Structures are given as structure tokens and as C-alpha cells.
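Please read it with the model open.

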There are 2 protein chains.
Amino acid sequence: MTPRQDAILQAAARCIARQGVRGLRVHDVAAEADVSTSLLYYHFTDREGLLAATLDHINDVSADHRLARAAGETALDRLEALLLGEIRDDDDIRTGSIAWNELRATAVFEAGLREPLAHTTATWNSRVRAALDDVGASGDTDHLATILTALIEGVSGRWLGGELSTDHARTLIRTAIHHLITATGKST
Amino acid sequence: MTPRQDAILQAAARCIARQGVRGLRVHDVAAEADVSTSLLYYHFTDREGLLAATLDHINDVSADHRLARAAGETALDRLEALLLGEIRDDDDIRTGSIAWNELRATAVFEAGLREPLAHTTATWNSRVRAALDDVGASGDTDHLATILTALIEGVSGRWLGGELSTDHARTLIRTAIHHLITATGKST
DNA sequence: AGCTCTTGACTGAATATTCAGTCAGGATTA
DNA sequence: TAATCCTGACTGAATATTCAGTCAAGAGCT
């Protein structure tokens with residue numbers, strides 16, 4: 001992986017965050033990375049190859065990012081930080097969120113993307129699950145973790161589309177957390 | 001709305017379910033509807049017009065669909081039916097779900113889609129909110145409704161990508177419902 | 001050191017492909 | 001027959017892809 005290759009992948013990720021997977025133009029990526037179009041073909045064979053490499057890259061970055069941040073006084077603080085970290089007024093976070101959102105949406109149509117995506121999701125889930133165990137959540141924390149991460153993605157979709165403000169989105173997540181870590185009577 | 005126009009919109013919806021909004025090719029739609037490409041231009045002016053009409057159509061169908069199904073003995077049954085109706089082993093449901101998912105993902109990049117999308121979402125939300133009130137949910141049912149509908153979308157993304165089975169997805173939704181309609185101590 | 005030989009990284013220009021959109025006119029119906 | 005509905009053949013612009021060739025750096029030889 002030469003520095004140029006890396007620059008290209010980062011440029012491609014930025015382009016995806018700006019135009020989406022389907023709106024990705026190899027010329028734009030080349031311009032963004034300040035290299036010739038041909039170089040992309042030299043390194044990644046064709047548009048599809050570039051796309052695959054970029055999506056892998058996005059996947060990796062998302063995974064790193066989620067595993068990194070975990071600071072907080074109490075266990076609950078850490079759980080909240082872990083989940084709310086995805087939804088913030090910060091260009092990098094937003095860009096990453098858009099890219100992840102695209103990845104998820106694209107996977108519906110391209111089976112090839114599913115495996116790495118599922119893997120990253122599983123890692124994220126287990127991280128959340130551990131945090132849930134830490135706060136002493138009752139119930140099946142495996143299920144709860146999946147619910148929370150899926151909720152993040154659902155809320156993100158609306159946040160990114162401008163349907164929810166950052167504050168509102170974060171409040172929803174917090175509310176959900178508080179409800180979910182509480183035991184349920186389940187008296188139907 | 002001539003029969004042909006209707007056929008075109010349905011064909012377009014099928015194409016979207018297969019390739020996504022951004023993968024929609026007017027030629028494909030024409031072929032799927034078994035009419036000439038030109039006819040699409042005759043009726044819908046251009047690709048964008050076709051898209052707008054199709055998305056309206058999908059939007060309408062989704063709305064109808066959500067509002068229709070509400071049967072159930074108890075209030076809780078009705079709430080569950082309202083939410084679980086989106087995730088079922090049924091080709092039509094799945095197709096509609098994919099289209100809706102695409103709509104949501106595309107709106108991140110195309111501001112024009114946001115308004116009708118937000119409107120349909122709001123209608124759905126208030127419907128869910130009413131159902132929550134019926135079951136006597138405690139807390140801010142407005143927030144809870146938004147959380148639940150966002151959760152459906154998040155879970156749908158994974159269900160459509162094959163990451164969750166239909167059963168698993170439905171179980172998660174049910175679990176979330178039971179937790180959310182229960183009062184929270186929120187003793188932090 | 002100085003001299004080839006080789007290879008990987010890279011480019012600009014040319015070519016191939018894809019796709020939305022047009023148009024002249026043929027069918028069908030009121 | 002006049003309006004509406006519809007089609008096949010076509011075009012131009014945007015894009016992906018190819019290719020012949022440059023350049024810098026390292027390996028091996030004398």
C-alpha cells in the first residue's frame with residue numbers, strides 16, 4: 001500500500017460521502033487525490049475494484065473509530081459515549097456516518113459487501129454488549145446491543161437527511177438507552 | 001392516470017427494488033413495463049419526473065399499507081402489527097421495504113426527496129404514537145414513536161442485507177417495544 | 001565509479017461504452 | 001380528421017477504460 005494508494009482511498013471515501021457510492025466518478029476521485037485517472041486503474045483495475053477497496057477502507061476506519069472512543073466516568077457514561085459518538089456535529093464524524101450509511105444501503109444490492117459489513121457490525125455489537133453488561137443491564141444484552149446499534153443506524157439516516165437535528169437525535173438515543181437498560185415486566 | 005402510466009410506475013418501483021434509486025435506468029423501466037423508452041418521456045417528461053412520480057407512488061403505497069393493517073385483539077397486538085408489518089416474508093412487503101430504504105438513503109444526497117419523505121414519516125410516527133397511547137405507554141410517546149420507527153428502519157437495513165433473519169428482526173422489534181412501553185426509573 | 005538493464009509508479013491522450021433525451025412519424029381513439 | 005398515445009432509430013454528453021510511453025530508483029556488472 002503506497003502513500004498514493006492510501007491517498008486515493010481517502011479521496012474516494014470523501015467523494016462517497018459527498019455523492020454516494022453510485023455517484024462516485026473515478027475522475028473526481030483522481031482529482032480529489034491529485035493524481036491521474038490512469039493511476040486508479042493501475043492500482044485498482046477498474047471502478048469496481050476501486051469501490052471494493054474503498055468500502056473495505058471505510059469499513060476499517062469505522063471499526064477503528066468505534067473501538068477507539070470509550071472515555072467516561074461511569075459505566076453509563078461510557079455506554080452513552082460509545083453510542084452517541086456516531087452522531088455529532090463534527091465534519092469527520094458526519095462524513096464517516098454518511099459513508100457507513102451508504103455502505104449499509106449499498107449492501108442491499110451488492111452481496112459482496114455483506115460479509116465485511118457483518119463482521120464490523122458484529123464487533124461493534126459485542127462492544128456495546130460489553131458496555132451494557134457493565135452498566136448491569138437486565139435482559140438479553142445481546143439482543144439489546146443489536147437493538148441499540150440498529151437504532152443508531154436508523155436515527156442516523158434521519159439525522160443525515162436533515163429530518164432530525166443533532167440534539168434531537170442524541171436525545172432519542174439517550175431515551176432509548178434508559179428504557180432498554182431497565183428490566184421489563186413483559187406483562188402482556 | 002392511464003393503465004400504461006400505472007404499469008410504468010409499478011415497473012419503476014420494481015426496478016428500484018432491484019437496483020436502487022440511483023441504479024434506475026429509464027431503459028430498464030421501459031423494458032420492465034414492456035413499453036418504449038419514449039413513452040416514459042411522453043408521460044413523465046424526463047428521468048427526474050419519472051423518479052418523482054415513482055417515489056410519490058411508493059410513498060403512497062407505503063402509507064396506505066401502514067395505515068391499512070392494524071388488526072389485532074389488544075392494543076398491544078395492534079401496535080405490534082403496525083410495526084412488524086414492515087418486516088415480513090412476503091415479496092411485496094420486501095420490495096416496498098427496499099424501496100423505502102433506498103428512498104431514505106438517497107435523501108441524504110438529494111434534498112428534493114426530503115420533504116415528501118418527512119411527511120410520510122411524520123404520518124407514520126403519529127400513527128405509532130396513537131398506538132402507544134392506546135397501550136398506555138408511559139413517558140414521552142412522541143419520542144418513543146420516533147425511536148420505534150427509526151428502529152424499524154435500522155433493523156430493516158440489516159434484514160434486507162441478509163444480516164438478520166426475518167424472525168430475529170421481528171423478535172428484536174418486539175423486545176424493544178416491551179422495553180419502551182415500560183416506565184423508566186432513569187436513576188442515573 | 002560508471003554503465004546497462006529492469007521494474008514499478010505514473011501520465012496524457014485516444015477510444016469505448018453507457019445513458020438520458022429527441023424527433024419524425026405511425027397507430028388508435030374520440 | 002384531429003387529438004392523443006405510442007414507437008424505433010438516433011444523438012450528444014458524460015464516463016469508464018485502454019495504451020503507449022516517461023521517469024526515478026535499484027540491481028548487477030566491469
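1. Chain B meets chain A through 41 residues on each side. Contact here means C-beta atoms, placed from the backbone, within 7 Å. On the side of chain B that touches chain A, α6 (91-107), α7 (114-134), α8 (141-160) and α9 (166-180) of chain B each supply at least two residues. α8(B) gives the largest share, eleven residues. Helices are DSSP runs (H or I, at least four residues), numbered from the N terminus.

2. This is a predicted model; local features need pLDDT of at least 70, side-chain atom pairs count only at pLDDT 80 or more, and totals for chains, interfaces and linings use all residues. Residues are numbered from 1 along each chain as its sequence is written, with chains lettered from A and ligands numbered from 1 in the order in which they are written.

3. Within chain A, look at α5 (residues 75-84) and α9 (residues 166-180). They pack at about 135°, with axes 11 Å apart. Axes are lines fitted to C-alpha atoms over the stretch in contact, and angles run from 0 to 180 degrees between N-to-C directions.

4. Which residues in α5(A) meet α9(A)? They are L79(A), E80(A), L83(A) and L84(A). Their partners in α9(A) are R170(A), I173(A), R174(A) and I177(A).

5. DNA strand D has 16 residues around it, each with its C-beta atom, placed from the backbone, within 6 Å. R47(A), V35(B), S36(B), S38(B) and L39(B) come nearest. α3(B) gives the most to this surface, with four residues.

Notes
Two residues are in contact if their C-beta atoms, placed from the backbone, lie within 7 Å.
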